[in-house]
Amino acid sequence: MKKIIKPRKGLKAGASPGTLVHVGEVRQSATTLTVAEYGNEKIETRRLDPENLKLRVAPEPVVTWVDVEGISDLPLMEKIGAGFGFHPLVLEDIVNTDQRPKSEDYETYLFMVVKMFTPSNEGTLSEQISLLLGSNWLVTFQEGLDGDPFAQVRDRLKNPDGRLRTRGADYLCYALIDAVVDNYFLVLEDIANRIEDLEEELMNMPTPETLARLYRLKREVLLLHRSIWPLREVVSALIRRESPLVKETTVTYLRDLYDHTIQVIETTETLRDMLSGMLDIYLSSVSNRMNAIMKVLTIIATIFMPLTFIAGLYGMNFKHMPELEYPLGYPIVLVLMAGVTIGMLIFFRKKRWL
Amino acid sequence: MKKIIKPRKGLKAGASPGTLVHVGEVRQSATTLTVAEYGNEKIETRRLDPENLKLRVAPEPVVTWVDVEGISDLPLMEKIGAGFGFHPLVLEDIVNTDQRPKSEDYETYLFMVVKMFTPSNEGTLSEQISLLLGSNWLVTFQEGLDGDPFAQVRDRLKNPDGRLRTRGADYLCYALIDAVVDNYFLVLEDIANRIEDLEEELMNMPTPETLARLYRLKREVLLLHRSIWPLREVVSALIRRESPLVKETTVTYLRDLYDHTIQVIETTETLRDMLSGMLDIYLSSVSNRMNAIMKVLTIIATIFMPLTFIAGLYGMNFKHMPELEYPLGYPIVLVLMAGVTIGMLIFFRKKRWL
Amino acid sequence: MKKIIKPRKGLKAGASPGTLVHVGEVRQSATTLTVAEYGNEKIETRRLDPENLKLRVAPEPVVTWVDVEGISDLPLMEKIGAGFGFHPLVLEDIVNTDQRPKSEDYETYLFMVVKMFTPSNEGTLSEQISLLLGSNWLVTFQEGLDGDPFAQVRDRLKNPDGRLRTRGADYLCYALIDAVVDNYFLVLEDIANRIEDLEEELMNMPTPETLARLYRLKREVLLLHRSIWPLREVVSALIRRESPLVKETTVTYLRDLYDHTIQVIETTETLRDMLSGMLDIYLSSVSNRMNAIMKVLTIIATIFMPLTFIAGLYGMNFKHMPELEYPLGYPIVLVLMAGVTIGMLIFFRKKRWL
Amino acid sequence: MKKIIKPRKGLKAGASPGTLVHVGEVRQSATTLTVAEYGNEKIETRRLDPENLKLRVAPEPVVTWVDVEGISDLPLMEKIGAGFGFHPLVLEDIVNTDQRPKSEDYETYLFMVVKMFTPSNEGTLSEQISLLLGSNWLVTFQEGLDGDPFAQVRDRLKNPDGRLRTRGADYLCYALIDAVVDNYFLVLEDIANRIEDLEEELMNMPTPETLARLYRLKREVLLLHRSIWPLREVVSALIRRESPLVKETTVTYLRDLYDHTIQVIETTETLRDMLSGMLDIYLSSVSNRMNAIMKVLTIIATIFMPLTFIAGLYGMNFKHMPELEYPLGYPIVLVLMAGVTIGMLIFFRKKRWL
Amino acid sequence: MKKIIKPRKGLKAGASPGTLVHVGEVRQSATTLTVAEYGNEKIETRRLDPENLKLRVAPEPVVTWVDVEGISDLPLMEKIGAGFGFHPLVLEDIVNTDQRPKSEDYETYLFMVVKMFTPSNEGTLSEQISLLLGSNWLVTFQEGLDGDPFAQVRDRLKNPDGRLRTRGADYLCYALIDAVVDNYFLVLEDIANRIEDLEEELMNMPTPETLARLYRLKREVLLLHRSIWPLREVVSALIRRESPLVKETTVTYLRDLYDHTIQVIETTETLRDMLSGMLDIYLSSVSNRMNAIMKVLTIIATIFMPLTFIAGLYGMNFKHMPELEYPLGYPIVLVLMAGVTIGMLIFFRKKRWL
């Protein structure tokens, strides 16, 4: 989440559409393919050798799930695309990790792009996940970060009594997107915690470093919002069931997912509003400290300038200065000085500066 | 209303949808169930033993209202859900108190979530209330804060001539949501009073503490707005009567409720705008005080610096300084100093600093 | 327009809907009812004794207009409501003067609430006016402020050739709302004049009091906008003629009224934008004066500090300070001081501080 | 464009709708009427004597264009209105120059109001132009400023081969509105030039006068936007061709006009955004100069305060101050002072204040 | 991108619509016309002599692409327009380079205007590109900047197996607009890089020059957004396929193009938000430095003012000042001074100013 726009290495404007250009960091050098075939009764998982790629979709009601990890091996990606008969633009979008979330209907399959976020020490990491949903198959593409975002779904698949096993590929697709959205809450919690830390710091002892962190947090929330916002449209398109690939029974679950998505978006907006408010607080806090500094300066100057003047007055070397001769001249001046000081202090007390 | 996002203890991203996870503080350890059966002629209220749960809905026109207080006992919740045949996602939403207000149509029943707010010394307390409306039954779930938000509705139910007794479950449902919305006015009044106190403080004697309270109030209004805004959609969905569960005769009342909801939302927005305006006032007030401080400093420095210089001038130890020898040197210098002082005061008066 | 939210005295959240609770100040202790019956040929006006209330609507084409002034006498209001067969929610809204403008269709009659504003010395006064339009009758409710907002319409009714006499109750209803909207222009003019005064003050000699007045004006415009904005929906609903109570011939007039309403709303928004701009001007004006103050301080300090140092230098009591012995030492130092001063003045002139 | 709201002289709230009240400055005392009748073959222009008003519309395909300049002579306006059979509300709108742009369909004619703007030395002047489009006639009303906005269209009418002569009244109407919109570009260019001047001033040497001009410009753009924005709706209504008075062949031209209108609106919004940005620049520029002033003060004070203290130290009159006796005391102190000064300068250099 | 509004040289408001007026800089004196005719099997490219213009469109399935570079030669443009039978308004729009992106349906052809942007040393350069799409022909107009935006598409056309050769004119049109949108990413990357440079500068060492660059960047993004935003509508109109000129097979590609357009718009908005945030950072950074300056001043003044006063006190010339006689008077005063200094330093340490 460092870069605003990922460098489009090697991209030449005007290249033929459908030309595969990998955009983004290479997250995993080798590409691994995992195939899971499951139905009511059994589940079979195997790894595919990328060099010897043979893909076969079992007949309904068996569901075939192909999970591809690592998308930077372009020739292999092209082979996979050709094997499944994906549109060239689909493949172009899969390998371009700067895609915004979207869903597209290619009649025999639905193509969806979503973003996975993981809080980490170097800020929030983002991973692009593409899903292609067919009648009884699902192909997913991950960039291949450490940690498998689908691990829990994989575990639930192993449970023979789980809902996943009795439902079709559309429910699996829903379950995976749901896992992604559930993850957003972790990211938001992480950000909310950092905001609360910042808030305390702001109220007690803000430094320019606080400001820099506030700014970085604000920018992170901005980019997060930009990535999550289009997800709403993706889920909403699934609910409208413009494609027969999404079954009626899954819609209830999708509506629940839609609610979660809205909640994520609203929370992001609330966080953004809070960060804006905090900048105002920072600015007024800076002004306040300035006021405090100026008060100290003014009090010191206002007390000592008259005193120094009086001392200077009787430091003059005129021949004829009768006061200098008075035996009580010095004590009287000291009393006068004390009087001036007390008067000033009373003045400041009245102005509530002390 | 302290936390922006409630900690999702135990929540694992990717858990099977419908898995019950209680999110939020445990407000009431024991769960109590109250059943009220009423019709035109009589009303019968009894408590259900949560350990020995038997639920029976009387035939129409009798209306059965089950009120569940305390939602953190997950096994019991599951038992209730199974007893009534609620969808697992409904139960998941009921026990997750970080839900946003929403309404969902499950054909044989409507599921609604609303938020109750209560002003308290530690800020505004929020409580999630879920309502499930069937043909002639209503099940409500409360988190179980001190004080029963439905107490007045319960009293009105006891009145045999009241409108509540002659109408169906949808009217009861309306009456309960109406009670919740009526409560919002109390919260808004409380906030409006605090805003007016702050305003007076701002105009007279703002301190950094004023700012902190302003900020907290702003944040409270922000979260309040976020919770109330979706309620509009809930009521509006009821009015559109997409479900046959809402009767024609109730719609007039729902429109009235809708008006109240709009009024609550607009008032919240007005409060938010006023708080924004107050921050500007605070900032200018801080600037003004800075100006006042700087004026004092400048006046003092501008008067005493020339005087001190003159005193210093005649404090020099040159052998040949003819003025020092004049018998009238000292008085002349004193007059000169008075002249400088008076000149400066006239200058400040002209600049309207005095 | 002082209070953001009017205190809901006696209001208990959860009270039965339709329960009459007067919200707002009591503007008129006694309630007066005026009935006007008019047609093409004659007009008859009489007062009704509130204690002996008998209401009879003459057959078409005669139009009956009942004007009720003073709404705080709840038992009487209930009697009136029952006499005309108004819905309890309608009466509840009439006596709650914190209502937002709205229109509701009760099939046999339309219920509308609008807000009347009057500029006064204590700020803008607001009065709620409710209108109930039937087939050939109109009932209006006023809070009963000094001054009759309908006086001109009453006068025009007396003119036998006026358009009012030949048209139905819907035209009378339009004429009354039109009178209310015309009044808004007076209020906006009043505010615009106050803004122009403030503007001049801002440019010439802003004080903290200017800021306070700016803030109060901004808040007044905010509350005004909130009250006028929903009126657009009210008029627009009448134009759409969802109810047969509004005749085709009146629609041209309603469109004109709609234009006026839009103009009022846009003017309010322009005023609000101008007030926001003025706050920015105030802030920069404060900064500018700060700059001016700092310049004075800096000029004084920069000139006198070196001079005072030089004087102090030759005020030292070292035994061996050859300059002190020079006969021309003193004049040379004076010339040096003049040089420093002139140099500083040139420096400030170059910086354009002088 | 001085006044936010034009004084509604003589306007009494509640006056009968359709009552003529002239709102605005009287721009031309005498009203002049010019009639042009033209067809494919010939064009005939004549002046009408306002005192002896006879209006006759030639049969199709001849087009009759009546141009009325000066709208403050209300009795004459009423005569014109009666002669053409205009609705009273139309006349009321024509003489009220505070109208917002709008179009209204009166079945046998369309009524449109647009605003003409002319840059002038006293700011932008605005003139209201009303157009009434019939089947083969057009009546236009101008306030009567110096300069005829329609001069060019009149010239083009004289060209026997021009498109204007072969098309109907709707094309003439389009041509006139197009001339008005073309004029907007001149006004926007004028404002853009003034903004660019201001920008340069801002970057180089902003004064409080810059701010005042910025504010006046911002307000002018605000009022301009408010006047131009509704024009979009006017043109868009013509394109939708809800009235048969607009012919199919004219729609292409109207779409072009619509594009220009959108461009004008967007440019106005861009100008507004730029002016907002400039205020921020002004504020930071003021802060920057404040910083520069403070630096000068701080440098001077930080250098001379220690020096003055050292001088004061050796100006003390203690009997026993061994340093005073040293023959090298004075030179050593001078060297010390030079050291302090150099140290301070190095400190400021390191802080990059010098 | 320097000028907000391009000067409309020679434009007279009210000129006949369709009058050709070149608006903008003359980018290329001579106009060149390139014709490419291609089909499945062969491609033929030739230059047309502008003086001897003969245009012939080959029958389907051959596609004819005429590319016109340089649009300031108005008589030639008129000849081209007449040759192809373009509407006069189309030609007017082509030569007016201040056009906003739009698409218009002229039944036998579609007219589109888009904007090309190129990052350069003098800021972003903009070039207007007009496209006219017929059944099997495409005419494009470029202003004629250095560098051919269509070079890559031309290269792809030469490839006999490329998709371009087998598809119609609508696909060519898509490919050209796609090349334009691809170019936007380069411009956005350029701006994003400049923003990142600015950010670093802001955090480390902001100067008024930083602010000026920030402002210029903000304005550039503002104008960019204004130019790109309407492109969305252009592409969306093509996708809705209101015209039969766009074939079903091209729609998938257009949807991809639409996604890219949305991404460009969102990135522009993100950049704008970031620039707004940076201004806030700049302002707080200026305030922070002011605070730092004031602290230095206050520390110096607070330490040396009391010391100077003490020194001045014992520089007084009273006859009777017993302290002056004490042999230890001087050392005691020195110790006192050290004490005052240490006290002040402790005070500042406690206030965390040191």
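# Reading a predicted model, feature by feature

Guide: Let's start with confidence. This model is predicted, and chain A averages a pLDDT of 85, with 94% of its residues scoring at least 70. For the model as a whole, the scores are ipTM 0.76 and pTM 0.81.

Visitor: Fine. Into which domains is chain A divided?

Guide: Chain A has domain 1, covering 32-284, and domain 2, covering 290-350. Taken over C-alpha atoms, the centres of these two domains of chain A are 74 Å apart.

Visitor: Now for sheets. How do the strands of a sheet pair?

Guide: Through backbone hydrogen bonds, and the pairing is either parallel or antiparallel. Take chain E: it has an open sheet of seven strands in the order 2-1-3-7-6-5-4, and the pairing is mixed.

Visitor: Which strands of chain E stand at the edges?

Guide: Strand 2 (43-48) and strand 4 (102-105) of chain E. Each has a single partner strand, so one side of each has no neighbour in the sheet. From one strand to the next, the twist averages 20°.

Visitor: In which sense do strand 1 and strand 2 of chain E pair, parallel or antiparallel?

Guide: Antiparallel: strand 1 (residues 32-38) of chain E pairs with strand 2 of chain E over six bridges. To find a spot in that pairing, look for E:Leu33, which stands opposite E:Leu48 in strand 2 of chain E.

Visitor: Let's switch to chain D. Is strand 3 of chain D mostly buried or mostly exposed?

Guide: Strand 3 (residues 63-69) of chain D is mostly covered, as five of its seven residues are buried.

Visitor: How many bridges join strand 1 of chain D to strand 3 of chain D?

Guide: Seven, and strand 1 (residues 32-38) of chain D runs antiparallel to strand 3 of chain D. One pair to look for is D:Val35 with its bridge partner in strand 3, D:Val66. Strand 3 of chain D also pairs with strand 7 (residues 137-142) of chain D, this time in the parallel sense, over six bridges. There, D:Asp67 has D:Thr140 in strand 7 as its bridge partner.

Visitor: What do side chains do along a regular strand?

Guide: They alternate between the two faces of the sheet.

Visitor: And a single residue? Why does B:Val180 count as buried?

Guide: Burial here is a matter of counting neighbours. B:Val180 has 22 C-beta neighbours inside 10 Å, so it counts as buried. B:Val180 sits in helix 5 (residues 169-204) of chain B. Leaving out residues up to four places away in sequence, B:Val180 touches B:Val114, B:Met116, B:Ile129 and B:Pro149.

Visitor: Last topic, the copies. What rotation superposes chain C on chain B?

Guide: A rotation of 72° with 0.1 Å of shift along its axis, giving an RMSD of 0.1 Å. The two copies are therefore related as by a five-fold rotation axis. In chain C, the C-alpha nearest that axis belongs to C:Gly315, 4.7 Å from it.

Visitor: Why do the copies meet through different surfaces?

Guide: Because only 17% of the interface residues of chain C are also interface residues in chain B.

Note on methods. Residues are numbered from 1 along each chain as its sequence is written. Chains are lettered from A and ligands numbered from 1 in the order in which they are written. This is a predicted model: local features need pLDDT of at least 70, side-chain atom pairs count only at pLDDT 80 or more; totals for chains, interfaces and linings use all residues. Two strands pair if DSSP finds at least two bridges between them. Helices (H or I, at least four residues) and strands (E, at least two) are DSSP runs, numbered from the N terminus. Axes are lines fitted to C-alpha atoms, for helices over the stretch in contact, and angles run from 0 to 180 degrees between N-to-C directions. Domain bounds come from an automatic or database domain assignment. Copies are superposed by least squares on the C-alpha atoms of residues with pLDDT of at least 70 in both. Two residues are in contact if their C-beta atoms, placed from the backbone, lie within 7 Å. A residue is buried if 20 or more other C-beta atoms lie within 10 Å of its own, exposed if 12 or fewer, and partly exposed in between; C-beta atoms are placed from the backbone. pLDDT is the predictor's confidence in each residue, from 0 to 100.
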